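This report concerns a single protein model, shown below.

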Amino acid sequence: MNVGSISYHIFICAAFCALYEYGAVFAEKLNVCVVRSPHTSKEIDRICPNLKLAPFQCVIAKDRFDCLRRLSTGEADMAALQAEDLVAASMYNEYDLLVTHELRLFYNVEQQFEMVVLVRQNIKNVGNVKGKRFCHPGFESSDTFTKALSMYFENWIIPKECNPKKTLLENRIESLSNFFEEACIAGPWIADAALDTQLKSKYKNLCALCDNAASCYTGDKYHGVEGAILCLTDNVGDIAWVRLDAALVYFKSVDVNKEDYSYLCPDGMTRPVKTENPCVWLKRPSSVILTRNTMAQRVVEIIDSKVNDRTQWKSKLQDLLMAYHTTLVKMETMDTPADYLRRYPGFLSANNRATCRPSRRVRWCVSSNLEDRKCRWLREASLVYGIDPAISCNLESSRASCLEAIRDQRADIFVSIPEERLQVSKKGLKPILHVTSNKKNDLDRIVAIVKKDSPYKSLKDLKGAKACFTKYESIGWNAFVTIMRNISNWGCSDINAVGNFFGDSCVPGLPITDKNVPHNLYSLCHQDENAADDIKTMSCLKSGRADVVFVNLKNVQKEINILEEGSSNVTNKQYKILCMDKTLNEKDEACSLTWTTLAAVVAHENITDLRRTEIYSMLLSMDEFFGASYPGFTPAFSLYGTYDDNRNVIFPVSIMTQVIGMI
């Protein structure tokens, strides 16, 4: 064997030994929780399926709180989380979680940003603040600048107002209006434009300093962090709540006299702006790597390892963990979330807000353990993102029990589905909000379908026909009964009236043990009839078993190739939608028995306008932060869609975006 061959074999042996050593050190793979979103999906799909030689594998989650849950149950070993997520984690010390690394924007800068109070020279101490002019960056929140951080300074200096005749938001606004002579708080105060306009008209002094006081909107010169600094340095305001990094950049790049400005400190005194030691009110931590206690040391070893691996798995790990360029910095000591957050002055106290007495909390009724778990995580997510009022989760044994709890005022709200509309009405409850899709095609359109060549021209013609419903007291059943009561003289009993109207039929879910239930209403049913299934109900008509079916058009369109054109035009060679009047055609909305939203938030019929507005504001904020659209690269929590791989948990699953809307 020549020297070249010996060298080659030595190289192969060295490479094999290195790979063996790599495999020995990282024999068991770490489960890395990554959140799928429109911003991260491309990297997840590129990296996660190709990790055969890497010491980790992907656990794909729906949101960051999902990663937190998976860490707590042991399904995941590590995840990249934000500071607000740690606030929630700090409430559950029994999970034994540790912070191992920070994801810093700059290696030597621990925090993501710091908040300071800038004042003009006419303010010498905190006692001079009342009655002055205030420059605020705005009420709207982002994934990093939450309501809790936005309110920190005002909560420090202004006593909390709890006027029971005003919403929590208006209490906040009124407090600011009474404390400061004038202010500029540009941008939306609430996401509902009508309510926003009402509040700004009532508390005009909080827009008086804005460049356009009449509009006071997002595009204003003095809106945002930079705008608040301009508001101060243009001699419009006396005091400003701003980020330190923005202030330092401004004073460095703009020719202003620093002698005219000071920092107002938490101790009540001031400090010159030209100082190299500004006084900071709060610090927001960077994002971190959070791990299970038992896996923390292995996480550190893997992230800090020096293995020379051609698969470049370390860079892949960084690509998965970091949505933008950051640096992984190992903690000198690994802390619990609570201990870690205590390193950052003001942050934990900003998230521990005082509450009003009596409590304004909203008692949200849920009907299963799964719903209760989701509700409790929603409660924690809402708290750390500053959403008011807080919710409490009231667990009942069934959906019917929740409706009774609302009626008896043991709970405040419940998310009811369209099939429960009749029960909501019978119990005297009041739909106050609805959950719907942002596309009309996602609305439930309940229709009566017959074969194209059938002799039936209108609903009245169905006398004696064979019918199939999805379920007793389903939306289709309730809609048909309501319509027929309005156009004909029916008896007191809906069941008997429908039994007298139709011939042999199938209505799954009837109380057939009741001897008064007409036999013909279940004579067509198969023994294994699947209630509430539109496609199986449609098979009654397709097979010729029935003459008419009452179904959700959206659910059977593909099954029978019915195409909708425009708003409601329906064309098909085999089937047609039956109208209430034979003079109508299938384009008319009167050919729909009813339109329904995905769900309705119901409350007691005596709910006040103030309470309704407060609940609406709360749900609107939840939708803004946790809905289909959300601030940041990954969602903190998912209000809609599946939960722990289960559908229809609290909110029904829709293909498209869901939105909260006021009725």
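Over residues 563-571, where pLDDT stays under 50, how many contacts beyond four places in sequence does the model have? For residues 563-571 the model has 26 such contacts, a contact being heavy atoms within 4.5 Å.

## Model and confidence

This is a predicted model, in which local features need pLDDT of at least 70 and side-chain atom pairs count only at pLDDT 80 or more, whereas totals for chains, interfaces and linings use all residues. Residues are numbered from 1 along each chain as its sequence is written, and side-chain values use heavy atoms, with hydrogens and water left out.

The protein chain has a mean pLDDT of 86, with 87% of its residues at 70 or more; pLDDT is the predictor's confidence in each residue, from 0 to 100. Residues 1-26 also have pLDDT under 50, and there the model has 16 contacts beyond four places in sequence. Where pLDDT is low, the predicted coordinates should not be read in detail.

## Aromatic pairs

The whole structure contains 32 aromatic pairs (rings of Phe, Tyr and Trp, the last by its six-membered ring, with centres within 6.5 Å; planes under 30 degrees apart are stacked, over 60 edge-to-face, the rest tilted). The F480 and F550 rings have centres 5.0 Å apart and planes at 55 degrees, so this pair is tilted. Because F480 belongs to helix 18 (residues 475-487) and F550 to strand 21 (residues 548-552), the pair ties together parts 70 residues apart in sequence. Helices (H or I, at least four residues) and strands (E, at least two) are DSSP runs, numbered from the N terminus.

Both F480 and F550 are buried (under 20% relative accessible area, with a 1.4 Å probe and protein chains only). Elsewhere, ring pairs link F134, Y152, F153, W156, F179, F180, W241 and W281 into a cluster.

## Helix 18 and the annotated positions

The unreviewed UniProt entry places the feature "binding site" at T470 and G476; such annotations may be inferred rather than shown by experiment. T470 lies in the loop between strand 19 (467-469) and helix 18, and is buried at 9% relative accessibility. G476 is within helix 18 and is buried, at 5%. Leaving aside neighbours within four places in sequence, G476 contacts I446, F469 and L593.

Helix 19 (residues 494-501) has I495, A497, V498, G499 and F501 buried, and its buried residues pack against helix 18.

## A buried glutamate

E614, in helix 22 (residues 609-626), is buried with a relative accessible area of 3%. Beyond its neighbours within four places in sequence, E614 is in contact with K166, T167, L168, R360 and P389.

Notes
Buried means under 20% relative accessible area, exposed over 50%, partly exposed in between (1.4 Å probe, protein chains only).
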